[in-house]
Amino acid sequence: SYEARAYGVGSAMPTSRARRLCPDAVLIPPDFEAYREVSKVVMDLVRGTVAQVEVLGLDEAYLDLDGLMAPRAAMRRLVTEIHEATGLDASVGIGPNRLVAKVASDAEKPRGFVVLTREEACERFASAPPKLLPGIGPKTVARLESLGLATLGALAATPLETLTTAFGANHGRDLQRRARF
């Protein structure tokens, strides 16, 4: 839950670790059949709104909003439809690419609705740690910190040569590209 996140509990974390971090948490056994049923309702609503949808698991999807006359209004209607059909809230991130959209969607959960340009994302998240970005895990974060790179702004400003020396050509380029959204 979002309340448990305040204690450092995250999704996909082992239950034993979550219990240590938040001993007063109430654990509810998962009901994957119910999750799949509700996910189908949500994804049917999503597919009824836009033509191109890439579903990532039960509760996440990328929507191609190109061609919609009023994408923000369409997404607000979709959030309302999801809530009316399931009782669930949805967070929406709209951006010029998947990375900006993903980070925007995560920025104000639950019930967030964030629209950012690439430049706005760079500004808003410059002081955020690199782990904010999908694909930058604990080992990479530790290596970045050993280089003195504790924020996305610092990572984005780092010369490519420094990153490729430390991480290899492909990974170094990818890190800099991600930090620059």
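Predicted model: local features only at pLDDT ≥ 70, side-chain atom pairs only at ≥ 80, totals over all residues.
Visitor: OK, helix 7. Which residues are buried there?
Guide: Thr140, Val141 and Leu144 are buried in helix 7, which covers residues 138–146. Buried means under 20% relative accessible area, exposed over 50%, and partly exposed in between, with a 1.4 Å probe and protein chains only. Helices here are DSSP runs (H or I, at least four residues), as are strands (E, at least two), numbered from the N terminus.

Visitor: Why do they line one face?
Guide: Looking down the axis of helix 7, the buried residues fall within an arc of 100°, so they line one face of the helix. That arc is taken from the directions from the helix axis to the C-beta atoms. An α-helix has 3.6 residues a turn, so residues three or four places apart point the same way.

Visitor: And what's exposed on the other side?
Guide: Pro138, Lys139, Glu145 and Ser146 are exposed there.

Visitor: What do the buried ones pack against?
Guide: Helix 8 (152–157), helix 9 (160–167) and helix 10 (169–179). After helix 7 comes glycine 148, with a positive phi near 80°.

Visitor: How do helix 7 and helix 9 pack?
Guide: At an angle of about 125°, with their axes 12 Å apart. Axes are lines fitted to C-alpha atoms, for helices over the stretch in contact, and angles run from 0 to 180 degrees between N-to-C directions. Helix 7 and helix 9 are therefore oblique to each other. On the cut-offs, under 35 degrees is roughly parallel, over 145 roughly antiparallel, 65 to 115 roughly perpendicular, and the rest oblique.

Visitor: Which residues make the contact?
Guide: Thr140, Arg143 and Leu144 of helix 7 meet Leu163, Ala166 and Phe167 of helix 9, where contact means heavy atoms within 4.5 Å. By class, that's four nonpolar, one polar and one charged. Ala, Val, Leu, Ile, Met, Phe, Trp, Tyr, Cys and Pro count as nonpolar, Asp, Glu, Lys and Arg as charged, and the others, Gly among them, as polar.

Visitor: What about helix 9 and helix 10, at what angle do they cross?
Guide: Roughly 135°, and their axes come within 7 Å. That makes helix 9 oblique to helix 10. The contact of helix 9 with helix 10 has five nonpolar, four polar and one charged residues.

Visitor: Switching to helix 3 and helix 4, how do they pack?
Guide: Helix 3 (residues 32–49) and helix 4 (residues 71–86) pack at about 155°, with axes 10 Å apart. That makes helix 3 roughly antiparallel to helix 4. The contact includes Val38 and Leu45 of helix 3 and Met75 and Ile82 of helix 4. Its classes are 10 nonpolar, two polar and one charged.

Visitor: Last one: where is glycine 95?
Guide: Glycine 95 lies in the loop between strand 3 (92–94) and helix 5 (98–107). Glycine 95 is partly exposed, with a relative accessible area of 31%.

Visitor: What is glycine 95 in contact with?
Guide: Val100, Ala101 and Leu116, leaving aside neighbours within four places in sequence.

Terms used
Residues numbered from 1 in each chain as written. Heavy atoms only, no water.
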